[in-house]
Every structure is written in structure tokens, then in C-alpha cells.
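Here are my notes for you on this fold. Have the viewer open as you read, and look up each piece as it comes up.

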Amino acid sequence: MFTSFSFMQRCLAALGLATALAAAPLAAHAQAPSTMEQIKQSGVMRIGVAPGDPYYFKDPATGQWTGLGVLIAEEVAKDLGVKVQTVETTWGNAVAGLQAGQMDVMFILDATEERKKAADFTDEPLFWYAQGVLVRDGLSVKTWDDLDQSGTRVGVGLGTAPDRDLTKRLQNATIERFGNNDEAVAALFARRVDAIGFYTPVLAVAYSRIKKGEIVIPSPVVALSTSAGMRKQEDQAFKEYLDGEFRKLYESGRVQELYAQYLKGKGVEASSTPSLIKEQWAQ
């Protein structure tokens, strides 16, 4: 009887210990400060940055990060009364970095269905961009059918969303795939391709490098919005704050002003490229 009772006590004790250990991570997670609390307490908003001009660009001479994403972050941080700290990541590892708490937010991160399984995203769009083409001088393109002609060569980034879309959309044109944007731009400059297909902000930077051709949004328009990603949490204060900021940036036209400011530093007039405000595309 004594032995059986002692055995039962040991089992209950072990069960209690296991329950406590299992609950510990949940309790720690519940007690961890929310993103908004952490930003206010530290006075710093940590943003993810990854190579991808004009969104993020690291100056090789100074090591400083610039780009539209940084300008937007500074605008948001100013209204919150905090400073911006950049955290280097990659587009592929950005969500994992948010989950691990390495950064608070990454701006201009598209809310794909796969990403939304692991991170939260704003409901309000930060801005819109379209799938476009930078066509060589002398090539008239108004629709995708104009581009989809036998003998027309279109350059794309290998494995990108434009690559997947144009592979389906263009049945007659020849698609040339390149490992990075610079290779595609060089091919257009050398007239090895007649056009390159990327999203319009990327095309604006490409145009700044060669100063040739014309950026076109063929019809029917393929439009996508972008937003910002953050770690999943019960406290929605930071997400709600960003939604309000994005609404203000978009409706006031401030996001387009920041875009124009960055492009001007690249020697490009924003008026020569499609706006980030979708309602202005038809104007």
C-alpha cells in the first residue's frame, strides 16, 4: 500500500512538472511586450531591409541604407516619436526574422497567402504598383497583345512573379530569363531584348541607369498592392497604427511624394513613371 501510494505521488509530481514546463513558454509569450509596447519602451522601430532598389538600397561607399522603404519608415517613426534602426535580412528570410523578433516590421512586403500563415499584415495598402515593361525606343506597346508578337524578345528575372505571369501571358514572344535585374537591363541596353518586364518601381530605377526606352503599363492592367509585415500577436495596436498611417500616406499623396524624392536622387522625374497611387494611372 505504501509503495503504491508513493508511486502515485511520484507520478502526480512528474505530471505537475510536465504541465508547468509546457505552460512556461505560453506564459512567457503572454507576458512578452507587444510590438507597440516594445517600440515605445526602446524608442526605436527596427525595420527589415533587403537589397532591392528602389525599395532598399545600401550605399557601398557609406554602408547606409536608403530607399523608399526607409523613407516611409522614417515618416511612420516620426509620427510615433521614435527612431529607425535598420536590420539586414533577405526577402526570403524576412518573415522568419519577424517571427524571431529580430525586427519589428518590414515595409513593402507583399502579403502573399503563404506569408500570411506566419506573419500579420496591414489591411490598408501602402501603395499600388503594376506589372509593366520598359520597351526599347521605337517599339509601340499599349496592350499585352502588342508585346506578344513573334520575333519580340522580352527579358524577365528568372523565377520572379513577372516571369511566371508573362510565361503564361505571352505565347508568341520569346522570353529571355536573367539571374538578376542588372543583367536584364544590360540586355535591353545592348538591344539583345526588346523589352524587360518587372514591376513599375523597379523599371523606374532601370530607366535611370540607361536613360532609354519608355515605361509602359500594358492593358489589361495587372495591379498589386503592397503593405507591411509584422509578427503575429494578440495586441493589434501596432497593426492598427500602421493602418492609420498608410491610409494617411496614400490618401494625402505623401507616399508618391516620397517616391518622387527618392527617384530624383537617381536622376529620374517621377512624372515620367507610373504613380504609386492607382487612381492616377488613368490620368
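Which elements do the buried residues of α9 pack against? Keep that one in mind; point 2 has the reply.

1. First, some ground rules. This is a predicted model, where local features need pLDDT of at least 70 and side-chain atom pairs count only at pLDDT 80 or more, while totals for chains, interfaces and linings use all residues. Residues are numbered from 1 along each chain as its sequence is written, and side-chain values use heavy atoms, with hydrogens and water left out.

2. Now to helix α9, residues 200-210, where nine of the 11 residues are buried (under 20% relative accessible area, with a 1.4 Å probe and protein chains only). Among them are V202, L203, V205 and I210. And the reply: the buried residues of α9 pack against β7 (127-135), α8 (181-189), β10 (195-199), β11 (214-216) and α11 (254-265). Contact here means heavy atoms within 4.5 Å.

3. Zooming out, the protein chain has 11 helices and 12 strands. These are DSSP runs numbered from the N terminus: H or I and at least four residues for helices, E and at least two for strands. Of its 283 residues, 46% count as buried. Among contacts with a separation of 6 or more, 70% link residues 24 or more positions apart.

4. Have a look at strand β12 (residues 223-230), which runs antiparallel to β5 (residues 106-109), joined by three bridges. β12 also pairs with β6 (residues 120-121) in the antiparallel sense, over two bridges, and four bridges join β12 to β7, again antiparallel. Pairing takes at least two DSSP bridges between the strands. In β12, A223 is the bridge partner of A130.

5. Last, the inside. The largest nonpolar core has 67 residues, and M45, I72, F107, F127, I196 and L242 have the most contacts inside it. Helix α3 (residues 68-80) gives the largest share of this core, eight residues. A nonpolar core is a set of buried Ala, Val, Leu, Ile, Met, Phe, Trp, Tyr and Cys residues joined through side-chain atoms within 4.5 Å. Leaving aside neighbours within four places in sequence, L242 touches V76, V105, F107, T122 and M230. A second, separate core of 15 residues includes V133, V154, L170 and A173. In soluble globular proteins, nonpolar side chains tend to be buried together.

Methods
Buried means under 20% relative accessible area, exposed over 50%, partly exposed in between (1.4 Å probe, protein chains only).
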